[in-house]
Amino acid sequence: MTDPTAAPATDSAATPTFDPHALPPLRDVIARFDLGAKKSLGQNFLLDLNLTGRIARSAGPMKGVTAIEVGPGPGGLTRALLATDAVKVIAIERDRRFIEALQDVVDAAAGRLSIVEADALTVDPEALAPAPRAIVANLPYNVATPLLLGWLARIDSYVSLTLMFQKEVADRLVARPGSKAYGRLSVITQWRSDARVLFNLPPRAFTPPPKVESTVVQLTPRANPEPADWKALEQVTAAAFGQRRKMLRQSLKSLGNAEALLEEVGIAPTARAEEIDVAGFAALARAHRARNPVETS
Ligand code: SAM
């Protein structure tokens, strides 16, 4: 039984203040631990604490929230997250070199920072952090899309995802029907979340500078997503956008009787994938699933 006189957990103590500037400059940390950037791990660091502060604040109110960061690297964004009201920061880093380098931040964080050495693609953040939880990360671009898809599948478990992507990927996440960037990733993202661009950053904001522009995007769970199952939506969007210039009666042939499927959901057989909105794809996914029930044994 809960003690009715106990204060709510989130109010029991004020979040201690953390000064990101009180620790050695990030350039010194990189030099001291010889942390040359590895391209294979998408390492482009943010060394300007004003910038990392801007990203952390753009995640929104953090009171009572556990922040999950993927790829803390030398810790610029980690420090900024510790300066918010987040109850705790859990940072998942694959490159062992940073674990030792982050120890000063762990010590200064007075129990509010845990570092998990792991490949984020294999980690279930829900098992690491209690709700309410939010992910905030300057993502390694080589694995950004698979990471996002994994989190989107369980988006209701998060208050928000505030993530840095290469601009071209960010454009696809928020693209509307009829635009060149609109595709599978747009449909799946917007089916599960409200996605909005917060701001762009030029290559020179990073060390070393990547070849591309970058964009911070925030995704929050969509209140009433169109009913559809993930697998069926993947199948119809893969077929439709796999041949995006073709009419749907042609591109959806691999799913069976495309004309009947389209007629059932009221979409013209001459329409093309890029004209169909999220609600249209969800309807196609439902009709496709109804014709191809999942086998259970
Ligand atoms: N957060 C730091 C910053 O903003 O300066 C570093 C960001 S850097 C773009 C990406 C970070 O993700 C690097 O520290 C890299 O080692 C880490 N990383 C790359 N692949 C990873 C993976 N699969 N799982 C966890 N971390 C990964």
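Visitor: Taking Ala, Val, Leu, Ile, Met, Phe, Trp, Tyr, Cys and Pro as nonpolar, Asp, Glu, Lys and Arg as charged, and the others, Gly among them, as polar, how do the residues lining the largest pocket divide?

Guide: The model is predicted. In it, the lining of the largest pocket has 16 nonpolar, 10 polar and 4 charged residues.

Visitor: How much space is in that largest pocket?

Guide: About 420 Å³. There are 30 residues in its lining, and the closest to the pocket centre are Leu41, Gly71, Glu93, Asn138 and Pro140.

Visitor: Which elements give two or more residues to that lining?

Guide: Strand 1 (66-70), helix 3 (76-82) and strand 2 (88-93) do.

Visitor: And the second largest pocket, how much space lies there?

Guide: About 270 Å³. Its lining is made of 14 residues, with Lys39, Gly42, Asn44, Pro210 and Lys211 the closest to the centre. By class, the lining of the second largest pocket holds 6 nonpolar, 5 polar and 3 charged residues.

Visitor: How many cavities of 30 Å³ or more does the structure hold?

Guide: It holds 1. The space in the largest cavity is about 40 Å³.

Visitor: What lines it?

Guide: Around the largest cavity are Leu23, Pro24, Val29, Pro74, Arg79, Ala101, Asp104 and Val105. That lining divides into 6 nonpolar and 2 charged residues, with no polar ones.

Visitor: Switching to helices. At what angle do the axes of helix 8 and helix 9 cross?

Guide: Roughly 60°, for helix 8 (residues 167-174) against helix 9 (residues 184-192), and the two axes come within 6 Å. Helix 8 is therefore oblique to helix 9.

Visitor: Is the crossing of helix 8 and helix 9 left-handed or right-handed?

Guide: Right-handed.

Visitor: Which residues meet there?

Guide: From helix 8, Val169, Arg172, Leu173 and Val174; from helix 9, Leu185, Ser186, Thr189 and Gln190. The contact of helix 8 with helix 9 splits into 4 nonpolar, 3 polar and 1 charged residue.

Visitor: What about helix 12 and helix 13, how far apart are their axes?

Guide: They are 9 Å apart, and helix 12 (residues 258-265) packs on helix 13 (residues 278-291) at about 125°. That angle makes helix 12 oblique to helix 13. Helix 12 passes helix 13 with a right-handed crossing.

Visitor: Who makes that contact?

Guide: Helix 12 supplies Ala260, Leu261, Leu262, Glu264 and Val265, and helix 13 supplies Ala283, Leu284, Ala287, His288 and Arg291. The residues in the contact of helix 12 with helix 13 are 7 nonpolar, 1 polar and 2 charged.

Visitor: Backbone next. Is the peptide bond from Ala131 to Pro132 cis or trans?

Guide: It is cis, with omega near -5°. Pro132 sits in the loop between helix 6 (125-128) and strand 4 (133-138).

Visitor: And which kind of peptide bond joins Thr207 and Pro208?

Guide: A cis one, with omega about -15°. Pro208 belongs to the loop between strand 6 (193-201) and strand 7 (214-221).

Visitor: Why point those out?

Guide: Because most peptide bonds are trans. Most residues other than glycine also have a negative phi.

Visitor: What is the phi of Asp34, then?

Guide: Phi of Asp34 is near 55°, a positive value in a residue that is not glycine.

Visitor: Where is Asp34?

Guide: Asp34 lies in the loop between helix 1 (26-32) and helix 2 (49-58).

Notes. Residues are numbered from 1 along each chain as its sequence is written. This is a predicted model: local features need pLDDT of at least 70, side-chain atom pairs count only at pLDDT 80 or more; totals for chains, interfaces and linings use all residues. Side-chain values use heavy atoms; hydrogens and water are left out. On a 1 Å grid over the protein atoms alone, a cavity is a set of points where a 1.4 Å probe fits but cannot get out, and a pocket is an open set with protein on both sides within 12 Å along at least five of seven lines; lining residues have an atom within 4 Å of a point. Grid points are joined across faces, edges and corners, and a volume is the space filled by probe spheres set on the points. Ala, Val, Leu, Ile, Met, Phe, Trp, Tyr, Cys and Pro count as nonpolar, Asp, Glu, Lys and Arg as charged, and the others, Gly among them, as polar. Axes are lines fitted to C-alpha atoms, for helices over the stretch in contact, and angles run from 0 to 180 degrees between N-to-C directions. Helices (H or I, at least four residues) and strands (E, at least two) are DSSP runs, numbered from the N terminus. Angles under 35 degrees count as roughly parallel, over 145 as roughly antiparallel, 65 to 115 as roughly perpendicular and the rest as oblique. A crossing is left-handed if the near helix is turned anticlockwise from the far one by less than a right angle, and right-handed if clockwise. Contact means heavy atoms within 4.5 Å.
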